Amino acid sequence: TELLFGKQGGWGRTDRGICCGTCGALEYLLFKLEMASTEDGTKAAADGEVKKTELLFGKPAEDEEDKPVEEEECQADFEPVVKLSEVDTKTGEEDEEVLYKQRAKLFRHAGEGGWKERGLGDIKILKHNENKRIRLLMRREKTLKICLNHYVNTDIELQENIGSERSWVWSAVDYADGERDECVLAIRFPNVEIAQEFRKEYDKARDYMKALLEEEDKKEDSKEDSKEEQKEKSEETKETAEEKKDE
């Protein structure tokens, strides 16, 4: 209490004159209040001075380094040095109908080396729209390179692979590499049901090819018979012509 208000009832001399001790305490409190108000007031005054300056002289120019740089789009038109034209790539399957298609893994028997994987992809049974013949075709799923390509042979049956009910083995004359290749092949499907389904479709194709080839043979025989008949007729006409000359 004495530090804040001084001794009660006492009188003392100050810069303003003679005053009691209570006046000293009041002056101290006013000093504290002025210091507190000065911190807020200084900031407000500074803001006020800035606003006055902006009203008189406008806003100060921003530093160019602080401005974001706007990217300009390039309007130049560059033509390629070499122009490539679009080319239609033909697979050779455009004139064929897909009778069956299933993902499987193909193997080829390499003699003493045993079975070697030939490719993984979709095996297809394709029927040509013009000659009506059916072939087996398979491409590797990543490179699309042909790994199986041969016509269905009417004399070849699928044999169950030993130790696997979802795999079939058969011998074929294959042209996957563009050359004649007499080989033994095996194909493996995901499950037994799909393997049985493939065998049914293969047997259908084999029966169809058998009937087709028999019909073609009949047509060839009829053509040969007609040629022989025409030949006989031509010989007869020659003989009759010679007899008339002799007469």
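**In what order do the 7 strands of the open sheet run, and with what pairing?** The order is 6-5-4-3-9-8-7, and the pairing is antiparallel. The edges are strand 6 (146–151) and strand 7 (159–160). Each of these two pairs on one side only. The model shown in every view is predicted.

**View 1. The whole chain.** The chain has 3 helices and 9 strands. Read from the N terminus, the elements run α-β-β-α-β-β-β-β-β-β-β-α. Of the 247 residues, 21% count as buried. The chain exposes about 20200 Å². Carbon and sulfur atoms supply 49% of that area. Take the contacts between residues at least 6 apart in sequence: 47% of them join residues at least 24 apart.

**View 2. The hairpin of strands 8 and 9.** Strand 8 covers residues 167–174, and strand 9 covers residues 181–188. The two pair in the antiparallel sense over 8 bridges. They form a hairpin with 6 residues between them. Gly 178 sits in the turn and has a positive phi of about 90°. Ser 171 stands opposite Val 184 in strand 9. Ala 172 has Cys 183, also in strand 9, as its bridge partner. In a regular strand the side chains alternate between the two faces of the sheet.

View 3. Glu 182 forms a salt bridge with Arg 180. Their closest N and O atoms are 3.1 Å apart. Are these two residues buried or exposed? Glu 182 is exposed, and so is Arg 180.

**View 4. Strand 3 against strand 9.** Strand 3 (96–109) pairs with strand 9 in the antiparallel sense over 4 bridges. Lys 105 has Arg 188 in strand 9 as its bridge partner.

View 5. Is Cys 147 buried or exposed? Its relative accessibility is 1%, so Cys 147 counts as buried. Which residues touch Cys 147, leaving out those up to four places away in sequence? They are Leu 106, Arg 118, Gly 119, Met 138, Arg 139, Arg 140, Asp 174 and Ala 176. Arg 118 is 29 residues from Cys 147 along the chain, yet their C-alpha atoms are separated by 6.5 Å.

View 6. The structure holds 3 aromatic pairs. In one, the rings of Phe 189 and Phe 198 have their centres 5.0 Å apart. Their planes stand at 40°, so the pair is tilted. Phe 189 counts as buried, at 1% relative accessibility. Phe 198 counts as buried too, at 0%. Ring pairs link Tyr 100, Phe 189, Phe 198 and Tyr 202 into a cluster.

**View 7. The salt bridge between Arg 139 and Glu 93.** Side chains of opposite charge can pair when their charged atoms come close. The count for this structure comes to 12 salt bridges. One of them joins Arg 139 to Glu 93, with the closest N and O atoms 3.0 Å apart. Why does this pair tie together separate parts of the chain? Arg 139 lies in strand 5 (residues 134–140), while Glu 93 lies in the loop between helix 2 and strand 3, so the bridge connects parts that are 46 residues apart in sequence. Glu 93 counts as buried because its relative accessibility is 14%, below the 20% cut-off. Salt bridges that share partners join Glu 93, Lys 124 and Arg 139 into one network.

View 8. Asp 122 forms a salt bridge with Lys 101. The closest N and O atoms are 3.9 Å apart. Asp 122 is in strand 4 (residues 115–128) and Lys 101 is in strand 3. The pair links distant parts of the chain, 21 residues apart. Asp 122 is partly exposed, with a relative accessible area of 30%. Lys 101 is also partly exposed, at 48%.

**View 9. A nonpolar patch on the surface.** Which residues form this patch? They are Val 81, Val 82 and Leu 84, with about 410 Å² of accessible area together. Leu 84 lies in the loop between helix 2 (21–57) and strand 3. Leu 84 is exposed, with a relative accessible area of 79%.

How values were computed: Residues are numbered from 1 along each chain as its sequence is written. This is a predicted model: local features need pLDDT of at least 70, side-chain atom pairs count only at pLDDT 80 or more; totals for chains, interfaces and linings use all residues. Side-chain values use heavy atoms; hydrogens and water are left out. Patches are made of residues with over 30% relative accessible area and no salt bridge: like charges are joined within 9 Å, nonpolar side chains (Val, Leu, Ile, Met, Phe, Trp, Tyr) within 5 Å. Accessible areas come from the Shrake-Rupley method with a 1.4 Å probe; for residues, only the protein chains shown count as cover. A salt bridge is a side-chain nitrogen of Lys or Arg within 4 Å of a carboxyl oxygen of Asp or Glu. Buried means under 20% relative accessible area, exposed over 50%, partly exposed in between (1.4 Å probe, protein chains only). Two strands pair if DSSP finds at least two bridges between them. Contact means heavy atoms within 4.5 Å. Rings of Phe, Tyr and Trp (its six-membered ring) pair if their centres lie within 6.5 Å; planes under 30 degrees apart count as stacked, over 60 as edge-to-face and the rest as tilted.
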